[in-house]
Amino acid sequence: MNYTESSPLAESPAIGFTPELESIIPVPSNGTSCENWREIHHLVFHIANIFFAVGLVIPTTLHLHMILLRGMLTIGCTLYIVWATLYRCALDIMIWNSVFLGINILHLSYLLYKKRPVKIEKELKGIYQRLFEPLHVPPDLFRRLTGQFCMIQTLKKGQTYAAEDKTSVDDRLSILLKGKMKVSYRGHFLHNIYPCAFIDSPEFRSTQMHKGEKFQVTIIADDNCRFLCWSRERLTYFLESEPFLYEIFRYLIGKDITNKLYSLNDPTLNDKTIKKLDHQLSLCTQLSMLEMRNSIVSSSDSEDGLHQFLRSTSSMSSLQ
């Protein structure tokens, strides 16, 4: 007689395996693991992801690329927080997106601060628009340049800016803001200086090679003049810390020396003609105005020597 006593363990195939435990421990099935997809999330969730996507596809060539990107990420994080709080009730999602939102707001604020409109003094706006803005100098950098170690000074008509063989060239560098100045050598008229032009650019270039020089020309205010004046030593230190601005100054001073040489060829040139010559740089920028003035002295102390030098510079410009 075949008799098998039933075991209590056999009668209970899963002792202690409650439905609660079954819900915790996944039971493998023969089908796929995603047989029953959950319902689609709320519309706020999808709008947030759309903002993320738009921020990521913004082209980097766009001028405000980083500002737009941070703006899209900020809106997306805000919508994620709304979705996690009102429709998902997920504390961890809300906390993480709050952290991301704070980071993006700080970065966006910094970018907007850098893009803020920098106010330039009305008196200096003409110099910036004429000389520095075409060379892509940022307004904040120009404001740093003109806001430190420089001042605006005035000269009445007839007053002297520099006297030949007396005034040192190591003290300052100036740009004329208003009025007109006359440059002469031993009573012989050389050229005029008009607004938005350096007053002593040749001397600035020469003192980079020789210290302790004196002006070899006399510069007198032909009108009531106002000019922007830098301390030569402090300006040099500042330009050494700003390589981009240093190259800008080299270019502007070289161009200004070229314009002065052109006006020496024809002292009757007016301001409009000088503006047309601004873009015509030549090898004359490599010359020192001190050398030019020395050649005047070596030729003669009379008007014949001056005219001889002017004829030589005219022939040199025609060869170029």
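This note goes through the predicted model point by point, from overall make-up to single residues.

1. Ground rules. The model is predicted: local features need pLDDT of at least 70, side-chain atom pairs count only at pLDDT 80 or more, and totals for chains, interfaces and linings use all residues. Residues are numbered from 1 along each chain as its sequence is written, and side-chain values use heavy atoms, with hydrogens and water left out.

2. Make-up. The protein has 13 helices and seven strands. Both are DSSP runs, numbered from the N terminus: helices are H or I with at least four residues, strands are E with at least two. The chain has 320 residues, and 38% of them count as buried. Buried means under 20% relative accessible area, exposed means over 50%, and partly exposed lies in between (1.4 Å probe, protein chains only).

3. Surface and contacts. The accessible surface is about 20000 Å². Carbon and sulfur atoms hold 58% of that surface. The areas come from the Shrake-Rupley method with a 1.4 Å probe; for residues, only the protein chains shown count as cover. Take the contacts in the protein with a separation of 6 or more: 74% of them join residues 24 or more positions apart. Contact here means heavy atoms within 4.5 Å.

4. Cores. The largest nonpolar core has 50 residues. Such a core is a set of buried Ala, Val, Leu, Ile, Met, Phe, Trp, Tyr and Cys residues joined through side-chain atoms within 4.5 Å. Those with the most contacts inside the largest one are Phe-132, Tyr-161, Met-181, Ile-219, Trp-230, Leu-245 and Phe-249. Helix H10 (residues 243–265) gives the most to this core, with eight residues. A second, separate core has 13 residues, including Ala-48, Leu-69, Cys-77 and Leu-79.

5. Leu-245 up close. Set aside the neighbours within four places in sequence. Leu-245 then contacts Val-137, Leu-141, Leu-145, Phe-238 and Leu-239.

6. H3 against H4. Two packed helices are described by the angle between their axes and the distance between the axes. The axes of helix H3 (residues 43–56) and H4 come within 8 Å and cross at roughly 165°. H3 is therefore roughly antiparallel to H4. Axes are lines fitted to C-alpha atoms, for helices over the stretch in contact, and angles run from 0 to 180 degrees between N-to-C directions. Under 35 degrees counts as roughly parallel, over 145 as roughly antiparallel, 65 to 115 as roughly perpendicular, and the rest as oblique. The H3–H4 crossing is left-handed. Left-handed means that the near helix is turned anticlockwise from the far one by less than a right angle; clockwise is right-handed. Among the contact residues are Phe-45, Ala-48 and Phe-52 of H3, and Leu-69, Cys-77 and Trp-83 of H4.

7. H4 against H5. Helix H4 (residues 65–88) and helix H5 (residues 91–114) have axes that come within 8 Å and cross at roughly 155°. H4 and H5 are therefore roughly antiparallel. Their crossing is left-handed.

8. H6 against H7. Helix H6 (residues 122–132) packs on helix H7 (residues 139–147) at about 120°, with the axes 12 Å apart. That makes the pair oblique. The crossing is right-handed. From H6, Leu-124, Ile-127, Tyr-128 and Phe-132 meet Pro-139, Phe-142, Leu-145 and Thr-146 of H7.

9. Positive phi. Most residues other than glycine have a negative phi. His-136 has a positive phi of about 60° and is not a glycine. His-136 sits in the loop between H6 and H7 and is exposed, at 67% relative accessibility. Cys-196 also has a positive phi, near 70°. Its place is the loop between strand E5 (188–193) and H8. Cys-196 is buried, at 17% relative accessibility.

10. A buried glutamate. Glu-203 lies in helix H8 (residues 201–207). Its relative accessible area is 1%, so Glu-203 counts as buried. Asp-170 is 33 residues away from Glu-203 in sequence and 8.3 Å away in space, C-alpha to C-alpha.

11. Ile-152. This residue is in strand E1 (residues 150–155). Ile-152 is partly exposed, at 29% relative accessibility. Beyond the neighbours within four places, the contacts of Ile-152 include Glu-121, Leu-124, Leu-177 and Phe-227.
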